[in-house]
Every structure is written in C-alpha cells, then in structure tokens.
Amino acid sequence: MGGLARQIMVAASLVGVWAVGGMAGVFSPEVLPPVNHVAVQLVALWARPEFLPALLGTLVDSVVGIVIASAIAIPLGLLIGIFPLFERVTRVTLDFGRSFPVVALLPIFVLIIGANATMKITTVAIACFFPILLQTIYGARRLEPTLVETVRSFRISFGLRFYRVMLPAALPYIATGLRIATSVSVLVAVGTEVIIPVTGLGQQISLARISNEVAVAFAYVIYAGLLGVVLSAVWEQVEDRILPWSRRSENT
C-alpha cells in the first residue's frame, strides 16, 4: 500500500470515528456538528460571495509573508552560518526571537500598522522568518569535514567556495525551512484573521461562530487545513524539481 493510500485511510478513519461518535450521541452537535452537515456546507460555501475573497485573502497574504521572510532570512542565515563571529553575537537574540510568540505582538502591530492586510502579512513574515533562518544557518554550518579539508587543500577562493560548496550544501536545509514555513504561514494567517477583522478564512470562522453556524465554521476550518496541505504539496513538487537528490535521500 502506497503512502498516499495510507494517509487517505487515516483521514477516512478519523472521519469515521467522528460520524459514529455523532450518531451515538458521544459528541454534542453544538460543539461538533454531524459529518453530513459539515459536508453539505463544504459544498454550499462555494455559492457564498464571501468565500472566494476569504480563501484568496488567506492564500495571497500567506505566500507574500513567506516571500518576504525568505528574502531576509536566507541571506542573513548564510551570513551567520558562514561566519562564526556573527553566530556568537546573535545567538541570544535568535533564541529570544524564536521563542517569542508572534501573536503577542498583534496589539502592537494594530497600533503601529492598523488592522489591515499589511499587518497580517507582517505577522506571517515574522512567524516564517525564524524557521527559514535557523534551517539556513544549520545548512551553512553543516559541511562534511573531508569537503572542508579538500577546499582548504586546493585553496579555493571564497566566492567559488560559496557558490560551489556552501550554497549547494545549505540548499536542502533552506528547502526544509521553507517547507515548515508554508504550514506556519497558513496557521498564523488564519489565527490573525480570527483575532483581528481582516479578510480571510479566519474572519469567516469567527463570523460563523458568532452567528452560531457551527457546521459553517467547521467547513471553513477544513478549507484552512486543506490550504496548508496544498501549499506544502506545491512546495514539495518545486523541491523535487530543483533539489531531486535531496528528496531522493529523504525517501530512502
């Protein structure tokens, strides 16, 4: 049985437990609506005028946040990883930054930027910044000792060493950071939309909850999860094309 089939079986089993539990009265329909009600809303949402703008709002802002985070984190991570002095002087700051919950910054961002899409993109970019940065640092520092000795023996220039040795060695780790960031971006975007009234799936989840449309809220939650899955799948396809050796080594 292939990996995809096993994943579908796990998802189907969870839905089965949900359906059986609902029919047996284990789950309150006000908390966890019946599966068939949510399935109906999954289809009905496409007829609502607010659905596509919300879906695109979350998708576009998540992608823009990843792009901004990558543009800053990758060069900075290479710099820190290549030069040990930068790593030593930034270690405490990085440990503090990656441990700090970005959601706690939302009130400050609202005051400075306002409750708009720019604030959401900023939040997503900060949340994606540290996974990409840390993976890039790991990749830049992780060179095989024999490779380091070979480069040193042949006295290869720094520019050639960077483009032909360091950057290729770091690329699989950068790709891993981007893979993590794709899931984080959707999670943070939806969470921000739930708290702050900004166009997106999270805002619709919040409105459905206020209107006591529990099945609609669950349908939006499922679409938010599917959006994260689709983004990750798209990035894995890109990774397969640009780093085929890395993906093959992970699968063995």
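**Exercise 1. Work out the handedness of the crossing of α3 and α10, then describe the contact.**

Step 1. The crossing is right-handed, meaning that the near helix is turned clockwise from the far one by less than a right angle. Helices here are DSSP runs (H or I, at least four residues), numbered from the N terminus.

Step 2. Now the geometry, in this predicted model. Helix α3 covers residues 51-82 and helix α10 residues 214-242; their axes come within 11 Å and cross at roughly 40 degrees. Axes are lines fitted to C-alpha atoms over the stretch in contact, with angles from 0 to 180 degrees between N-to-C directions.

Step 3. Next, who touches whom (heavy atoms within 4.5 Å)? From α3 you get F51, L55, T58, L59 and V63, and from α10 Y220, Y223, L227 and L231.

Step 4. Sort them by class: 8 nonpolar, 1 polar and no charged residues. Here Ala, Val, Leu, Ile, Met, Phe, Trp, Tyr, Cys and Pro count as nonpolar, Asp, Glu, Lys and Arg as charged, and the others as polar.

**Exercise 2. Find how many helices and strands the chain has, and how much of the chain is buried.**

Step 1. Count the elements: 11 helices and 0 strands.

Step 2. Of the 252 residues, 39% are buried (under 20% relative accessible area, 1.4 Å probe).

Step 3. For overall extent, the C-alpha trace spans about 70 × 55 × 30 Å along its principal axes.

**Ground rules.** Numbering starts from 1 along each chain, and side-chain values use heavy atoms, without hydrogens and water. Local features need pLDDT of at least 70, side-chain atom pairs count only at pLDDT 80 or more, and totals for chains, interfaces and linings use all residues.

Technical notes
Helix = DSSP H or I, 4+ residues; strand = E, 2+ residues; numbered from the N terminus. Contact = heavy atoms within 4.5 Å. Buried < 20%, exposed > 50% of the residue type's maximum accessible area, 1.4 Å probe, protein only.
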